[in-house]
Each structure stands twice: as C-alpha cells, then as structure tokens.
Amino acid sequence: MRSKFRHLFVTETDDVKSKMSEMISGAPCLGDTFLLDFEELKKKYGHCNYLKSGMPCKDFSACPTSKGRRPGAQGKTGWMFVKQVQFILKYEPDVVCLEQVPGCIQVNDAAEVTTVITELQVLK
C-alpha cells in the first residue's frame, strides 16, 4: 500500500472492510464491484496501470470450515473469481494481480483457474 502507486478506488461490500480499505488506500470505496459500470469508471479515472483483485475464497479453500466441499464457481461466492474477468477486460489495466487460495487448482481440475488465465490472455 505504500508503493508509488496511487489508488484510484477500492471496492468492498462489508462496511468495516470498506472503511479500512479507504483508510489504508486513501481512495474512495465504491461498494460492490459487480454493480459498477467499468466503462464509466474508465472515463472518470482514466487509464489503470495496476489492478489488484481478491475475491472470496471459501468455495475454493481446503480449510476445515469448508467441510471438504469445494464447489468452485458453482458456490455461493465462487462465481466471482471467474466473473471478475469481464470487468478487468473492460478496464484494460497494464498489470493484473489476482489473489486466490492454493487449493483452487485442485477444484474441478483447475477449470476455473484455466478459464481466468485463458480469458486474460488478451491483455498481453
């Protein structure tokens, strides 16, 4: 957070995490990523050099709380990992950093990870 990057905005739906994100980044929190119009954001904020995204990982995690079930993109929040690609492609950043748990490659034979990598190839 203390690099030479300037945060344009952050997105988060949880009120406490939203406040924390704003405090750390010094940028406005715009709420739910999936409700935003990225074409409008691009007009307002301009070109994005670096986009970092971390989606909920419970549906890919091997943690004991998941009780051995890992539904991947078919889960309650797992769909977000794949869906985020549509928004990333609209914003056209120079660099993308996606977070996900290591267990994601063991879910559905890494189908979701393969989809994300394949779809992001156009950013080269």
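This is a predicted model: local features need pLDDT of at least 70, side-chain atom pairs count only at pLDDT 80 or more; totals for chains, interfaces and linings use all residues.
Trainee: Which residues are linked into a cluster by ring pairs?

Mentor: The structure contains 8 aromatic pairs. One of them joins Phe-9 and Phe-38, with 6.4 Å centre to centre and 70° between the planes, an edge-to-face arrangement. Ring pairs link into a cluster Phe-9, Phe-34, Phe-38, Tyr-45, Trp-79, Phe-87 and Tyr-91.

Trainee: How many residues apart in sequence are the parts that the pair of Phe-9 and Phe-38 ties together?

Mentor: Phe-9 and Phe-38 are both buried. Phe-9 belongs to the segment before α1 (15-25), whereas Phe-38 belongs to helix α2, so their pair ties together parts whose separation in sequence is 29 residues.

Trainee: What is the geometry of the pair formed by the rings of Phe-9 and Tyr-91?

Mentor: Phe-9 and Tyr-91 are both buried. Their ring centres are 6.0 Å apart and their planes meet at 80°; planes over 60 degrees apart count as edge-to-face, so this pair is edge-to-face.

Trainee: Which element gives the largest share of the largest nonpolar core?

Mentor: The largest nonpolar core has 23 residues, and Phe-9, Phe-38, Leu-41, Tyr-45, Phe-60 and Tyr-91 have the most contacts inside it. Two or more residues come from each of α2 (38-45), α3 (79-91) and α4 (111-120). The largest share is 6 residues, and the element that gives it is α3.

Trainee: Which residues does Phe-38 touch, not counting those up to four places away in sequence?

Mentor: Phe-38 is one of the residues with the most contacts inside the largest nonpolar core. Leaving aside residues up to four places away in sequence, Phe-38 touches Phe-9, Thr-33, Phe-87, Lys-90 and Tyr-91.

Trainee: Why is Cys-48 too far from the closest cysteine sulfur for a bond?

Mentor: Cys-48 is buried, at 8% relative accessible area. A disulfide requires sulfur atoms within 2.5 Å, and the structure holds 0 disulfides. The closest cysteine sulfur to that of Cys-48 belongs to Cys-97, and the distance, too far for a bond, is 12 Å.

Methods:
Residues are numbered from 1 along each chain as its sequence is written. Side-chain values use heavy atoms; hydrogens and water are left out. Buried means under 20% relative accessible area, exposed over 50%, partly exposed in between (1.4 Å probe, protein chains only). A nonpolar core is a set of buried Ala, Val, Leu, Ile, Met, Phe, Trp, Tyr and Cys residues joined through side-chain atoms within 4.5 Å. Helices (H or I, at least four residues) and strands (E, at least two) are DSSP runs, numbered from the N terminus. Contact means heavy atoms within 4.5 Å. Rings of Phe, Tyr and Trp (its six-membered ring) pair if their centres lie within 6.5 Å; planes under 30 degrees apart count as stacked, over 60 as edge-to-face and the rest as tilted.
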